[in-house]
Amino acid sequence: MSYKIGLVGKPSVGKSSFFNAATMNDVPEGAYPFTTIDPSVGEAYVRVECAAPEFDETCTPSVGYCDDGTRFVPVKLVDVAGLIPGAHEGKGLGNQFLTDLNEADVLAHVVDFSGETDLEGEPTEGHDPREDIDFLENELDMWYLDILEKGLERYRSGYHGEEKKIEEDLAEQMSAFKTNKDEIKQILLATDAGLDPEEWDEEIKARVAREIRKRTKPIVIAANKMDKPAAQEHYDSVTSDPDYEHLTFVPTSAHAEKALKQANEADVVDYQPGASNFEIVGDPSEEQAAGLEQIREYVDDFDGTGVQDVLESALFDVMGAIAIFPGSANGRADSQGVFRDCFILPEASTTEDFAYHLHSDIGKGLLHGIDCRSNRQVGSDHELDHRDVVEIVTTN
Ligand SMILES: Nc1nc2c(ncn2[C@@H]2O[C@H](COP(=O)(O)OP(=O)(O)O)[C@@H](O)[C@H]2O)c(=O)[nH]1
Ligand SMILES: [Mg+2]
């Protein structure tokens with residue numbers, strides 16, 4: 001099961017360009033762990049520095065690929081089209097839109113920072129990207145509030161015996177969001193809402209809905225069209241605004257990434273996705289060469305096109321996920337090769353979580369783990385770090 005990143009945003013901000021750029025991958029045949037018939041779902045990758053070289057090994061990835069010490073680990077990217085202003089009221093969010101949104105673990109909100117598209121996606125000038133950011137957050141929060149209200153109804157009408165527990169009804173109502181009663185309870189306490197919903201006013205409900213949304217649908221902002229002259233000023237202004245401190249911004253040019261991927265495919269350039277430089281290896285036309293020079297300036301200034309960084313920021317910064325390499329303490333793995341896998345696990349995963357991720361039998365039989373770098377034993381409740389290489393020792 002790979003993580004799902006949902007691309008959202010109003011029309012004409014560059015979602016499709018981003019999606020196409022991120023999923024257009026020149027990877028070895030058969031490296032795809034799944035095929036898809038849905039054109040809005042594609043395979044993208046997040047980069048993880050491969051651990052194999054530290055063990056003097058050459059990895060043989062079971063999924064994705066490894067290029068020059070950089071592992072490209074598959075994630076699913078979903079183009080969640082269909083977000084329109086006022087969607088939650090009256091117009092209603094489309095079914096497909098809700099399904100896609102439900103399934104996304106994290107959202108990448110593509111925003112046009114050039115300010116050249118209005119809220120409906122029509123051409124304009126000087127549009128403040130804050131409006132788009134607020135709009136999406138509000139839209140999601142209203143949607144969550146609706147679901148929260150349904151959870152409250154469930155609480156009021158259900159039979160609960162002696163002890164009613166609001167967190168159980170809310171968790172039940174919001175089960176699609178991969179949350180649970182413990183997390184909900186934590187949120188209710190952290191937001192000072194308390195555990196008695198009869199005492200909640202509209203303001204408290206809104207606060208709770210927003211907080212649950214933030215935890216279960218975290219957002220990274222792909223500040224797109226940064227290659228346009230007007231974009232920098234907007235970027236500086238929004239990212240220095242204290243009201244937007246809770247968000248992570250990644251300057252992006254979906255345009256540049258797409259052009260580089262295409263040129264790479266045509267053997268005109270040698271470009272590794274996410275790199276801050278590329279080499280011209282073919283024979284570009286005069287026009288193409290000029291375009292590539294512009295892109296070179298851009299990737300120089302911004303340390304890459306930003307497309308890869310958006311995906312990685314979504315997973316590793318915003319969600320706090322970690323990549324774990326299963327290893328053997330002696331550096332060896334199974335007969336099919338070494339360092340075959342690189343798993344993405346949720347924030348704060350422990351040795352035990354990792355064991356269960358491998359297989360429930362491995363989880364049940366877990367004795368302890370071994371940190372393969374230090375060769376030290378780690379306990380089942382030991383919290384793992386990004387890029388740990390861990391061997392699991394079991395009773396079976
Ligand atoms: N300058 C510039 N234009 C872009 C960028 N990304 C997309 N565009 C252009 O913006 C327009 C809308 O892009 P599209 O991907 O169809 O947007 P969508 O409606 O959100 O899917 C197209 O003309 C794209 O070429 C970018 O990074 N820079
Ligand atoms: Mg589109």
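1. Ser349 sits in the loop that lies between strand E11 (343-345) and helix H12 (351-358), where helices (H or I, at least four residues) and strands (E, at least two) are DSSP runs numbered from the N terminus. With a relative accessibility of 3%, Ser349 counts as buried, the classes being buried under 20% relative accessible area, exposed over 50% and partly exposed in between, with a 1.4 Å probe and protein chains only. The side chain of Ser349 reaches the backbone oxygen of Pro346 at 2.7 Å. Leaving aside residues up to four places away in sequence, Ser349 touches Ile322, His382, Glu383 and Leu384, a contact being heavy atoms within 4.5 Å.

2. On the basis of the note: this is a predicted model, in which local features need pLDDT of at least 70 and side-chain atom pairs count only at pLDDT 80 or more, while totals for chains, interfaces and linings use all residues. Residues are numbered from 1 along each chain as its sequence is written, chains are lettered from A and ligands numbered from 1 in the order in which they are written, and side-chain values use heavy atoms, with hydrogens and water left out.

3. Strand E6 (residues 219-224) is mostly covered, six of its six residues being buried. Ile219, Ile221 and Ala223 point one way from E6, while Val220, Ala222 and Asn224 point the other way, and all are buried.

4. What are the partners of E6, and in which sense does each pair? Strand E5 (residues 106-112) pairs with E6 in the parallel sense over six bridges, with Asp112 standing opposite Asn224; two strands pair if DSSP finds at least two bridges between them. Strand E7 (residues 248-251) also pairs with E6 in the parallel sense, over four bridges, and here Ala223 stands opposite Pro251. From E6 the chain crosses through helix H8 (residues 231-239) to E7 in a right-handed β-α-β crossover, meaning that, with the strands pointing away from the viewer, the path from the first strand over the helix to the second runs clockwise.

5. The side chain of Ser17 has an N or O atom 2.6 Å from an oxygen atom of ligand 1, and a backbone N or O atom of Lys15 lies 2.9 Å from an oxygen atom of the ligand. Taken alone, ligand 1 exposes 570 Å², of which the protein buries 71%.

6. Helix H1 (15-23) and H9 are the elements that give two or more residues to the shell around ligand 1, and H1 gives the most, with three residues. Of the 15 residues around the ligand, Ser12, Lys15, Ser16, Ser17 and Asp227 come nearest, where a residue is near if one of its heavy atoms lies within 4 Å.

7. Helix H9 (residues 254-265) also holds Ala259, which is partly exposed at a relative accessible area of 26%. Ala259 and Gln288 are 29 residues apart in sequence and 9.7 Å apart in space, C-alpha to C-alpha.

8. For the protein chain as a whole, there are 13 helices and 14 strands, and buried residues make up 51% of the 396 residues. Among contacts between residues at least 6 apart in sequence, 68% join residues at least 24 apart. The accessible surface comes to about 18900 Å², with 44% belonging to carbon and sulfur atoms, as computed by the Shrake-Rupley method with a 1.4 Å probe; for residues, only the protein chains shown count as cover.

Terms used: A polar contact is a pair of N or O atoms within 3.5 Å; within protein, one must be able to donate a hydrogen and the other to accept it, and residues adjacent in sequence count only if both atoms are side-chain atoms.
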